[in-house]
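Trainee: I'd like to learn how to read a structure like this one. Can you walk me through it?

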Amino acid sequence: MLYTTILFDLDHTLLDSHASEAAAFDVTMRSVGIDPTPEVFAAYQGLNQALWRQVEAGELSPNDVKVLRFEQLLERVGARADPVEMGATFVGGLADHGELYDGASQLLADLAVSCRLALITNGIGQVQRGRLDRLGLADVFEVVSISGEMGTSKPGRAIFDATLDALGIDDRSSVVMIGDSLSSDIQGGINAGVDTIWFNPFDDVRADGVAPTHTISELGAVPGIVADVEPTRRQGFDVS
Ligand SMILES: [Mg+2]
């Protein structure tokens, strides 16, 4: 085994967060009588991404994002509604919608046989806990670290240190972080001194200066890397 402890990201790595977000957005906008057109959703996504970049930079807390994204969106579309109420509706919608990617559940079950699993996610506690409960993942991870509950976010080292301390792990050479984001997951893993697996299903161009240990385009490749064997030699995993 190359790795015996695996740190997972949740959004866009295990969970189809795009579908979750789209459904929650729809419910939220209709609740205040605004038509959730593709243009309005695109505007929201741009504002939301910019706010989460500020969280990564330590300029905002995840909880600030809840209201700010709707405050800014209402200003952008020139509509009047209560952004606090919208934020609450949206948070409930995020927890209530979205499924795991195909194969993610089986992957976690397979890995749990020989590895310790933990989750490190930049997000709001209520949203992420709601999702983990609904998807039956609450007990899959030995430790669940949510930035909104801990007051510290990826890519900072502190959330990794807290997670590994909770696992009682000193030797980080057999630990690997898996995630879709170079700026939070991969840079965070590098900051924490652990190896990294970049999940890059859409063949994004890698940013300069952030070098993952491994890069994969599908989750089925994870067991081969963790066990240090060619994926094709494992039985029961279709990696084509
Ligand atoms: Mg992610």
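Trainee: Let's start with Phe70: is it buried or exposed?

Mentor: Buried means under 20% relative accessible area, exposed over 50%, and partly exposed in between, using a 1.4 Å probe and protein chains only. Phe70 has a relative accessible area of 0%, so it is buried. Keep in mind that this is a predicted model, where local features need pLDDT of at least 70, side-chain atom pairs count only at pLDDT 80 or more, and totals for chains, interfaces and linings use all residues. Residues are numbered from 1 along each chain as its sequence is written, and side-chain values use heavy atoms, leaving out hydrogens and water.

Trainee: Which ring does Phe70 meet edge-to-face?

Mentor: Rings of Phe, Tyr and Trp (its six-membered ring) pair if their centres lie within 6.5 Å; planes under 30 degrees apart count as stacked, over 60 as edge-to-face and the rest as tilted. Here Phe70 pairs with Phe90, with centres 5.3 Å apart and planes at 70°, so that's edge-to-face. Ring pairs also link Phe25, Phe41, Tyr44, Phe70 and Phe90 into a cluster.

Trainee: And which residues coordinate the magnesium ion?

Mentor: Donors are N, O and S atoms within 2.8 Å of the metal (3.2 Å for Na, K and Ca); water is not among the atoms, so sites may look incomplete. In this model, Asp9 (OD), Asp11 (O) and Asp180 (OD) coordinate the magnesium ion at 2.1 to 2.2 Å. Along the chain, the donors follow the spacing D-x1-D-x168-D.

Trainee: How accessible are Asp9 and Asp180?

Mentor: Asp9 counts as buried at 5% relative accessibility, while Asp180 counts as partly exposed at 24%.
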